Amino acid sequence: HMADYIYLLESRLSQAQQKAIQAVREIARTKGLTVFLVGGAVRDLTSGSPVRDLDVAVQGNALKLKKDLEKAGATITGEWDTMQALYVRFPGGVRMEVSSTLSVHFPKPGKPVVKPATILDDLRRRDFTANAMALSLNEGSYGLLMDPLNGVADIENRELRLVSNYGFIEDPVRMIRADRYSARLGWQMEEKTRARYETGKAEGYISAMSPVQSGYEAEEIVHEEDP
């Protein structure tokens, strides 16, 4: 599959998106960090949907890359310290999130505790299997797909499947995302995921969502082609 993804990265991303990825690869290389394209962009490359936003994960503290990103022509539009994430705009209207590879657990709903981790651990903390895939952007393994939870199968079935049975309880923002992805992609929630979603609605899980997340998700909805 490696060659396929190299081809997709070159043919399906805009010039501006390719430049942004090149810039981040260069920064990671000079800093000696491994770097991956993760989440939505990998899902959209795989399914053939338009690639909108780029999420990039580095093994190391992403917050320390602020100055390097600015030097490379990016504007930092926000940061989320807990999750070591930077929200970035590159020229040509490219929206990117640069974050650290982390493992996350939730002693309380909506209250993540994070620690540095490998890319595979990072994928296992994602919301849905279709978003839990990564592409290596590193020399030597460029274009290699990592798909520990068989997201490719769920993409082929056009299904959203929770990575964790407790996904909606731990991080109720995922309920909003489930709706947003269903609306945008025209996918269904997989049967057990749908049942857990209905339980979450009935039990008011959403009240545990943080203000940062509400703001971010509202913004994400506005950015949809059909909000």
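Me: What makes Arg 180 count as lying over the face of Tyr 181?

Reply: Arg 180 lies 5.2 Å from the ring centre of Tyr 181. A charge sits over a ring if NZ of Lys or CZ of Arg is within 6 Å of the ring centre and within 35 degrees of the ring normal. Arg 43 also lies over the face of Tyr 181, at 4.8 Å from the ring centre. The model is predicted, so local features need pLDDT of at least 70 and side-chain atom pairs pLDDT 80 or more, while totals for chains, interfaces and linings use all residues. Residues are numbered from 1 along each chain as its sequence is written, and side-chain values use heavy atoms, leaving out hydrogens and water.

Me: Why is the pair of Tyr 87 and Tyr 216 called tilted?

Reply: Rings of Phe, Tyr and Trp (its six-membered ring) pair if their centres lie within 6.5 Å; planes under 30 degrees apart are stacked, over 60 edge-to-face, and the rest tilted. Here the centres are 5.1 Å apart and the planes stand at 35 degrees, so the pair is tilted.

Me: What are the rings of Phe 168 and Tyr 197 called, and why?

Reply: Their planes are at 70 degrees and their centres 6.0 Å apart, so this pair is edge-to-face. Phe 168 and Tyr 197 belong to one aromatic cluster with Phe 128 and Tyr 181.

Me: How do you know whether Tyr 87 is buried or exposed?

Reply: Buried means under 20% relative accessible area, exposed over 50%, and partly exposed in between (1.4 Å probe, protein chains only). Tyr 87 has 15%, so Tyr 87 is buried. Tyr 216 has 25% and is therefore partly exposed.

Me: And Gln 84, buried or exposed?

Reply: Gln 84 has 19% relative accessibility, so Gln 84 counts as buried. Its phi is near 45 degrees, a positive value in a residue other than glycine. Most residues other than glycine have a negative phi.

Me: Why is α8 called roughly parallel to α10?

Reply: Angles under 35 degrees count as roughly parallel, over 145 as roughly antiparallel, 65 to 115 as roughly perpendicular and the rest as oblique. Helices α8 and α10 pack at about 5 degrees, with their axes 11 Å apart, so α8 is roughly parallel to α10.

Notes: Axes are lines fitted to C-alpha atoms, for helices over the stretch in contact, and angles run from 0 to 180 degrees between N-to-C directions. Helices (H or I, at least four residues) and strands (E, at least two) are DSSP runs, numbered from the N terminus.
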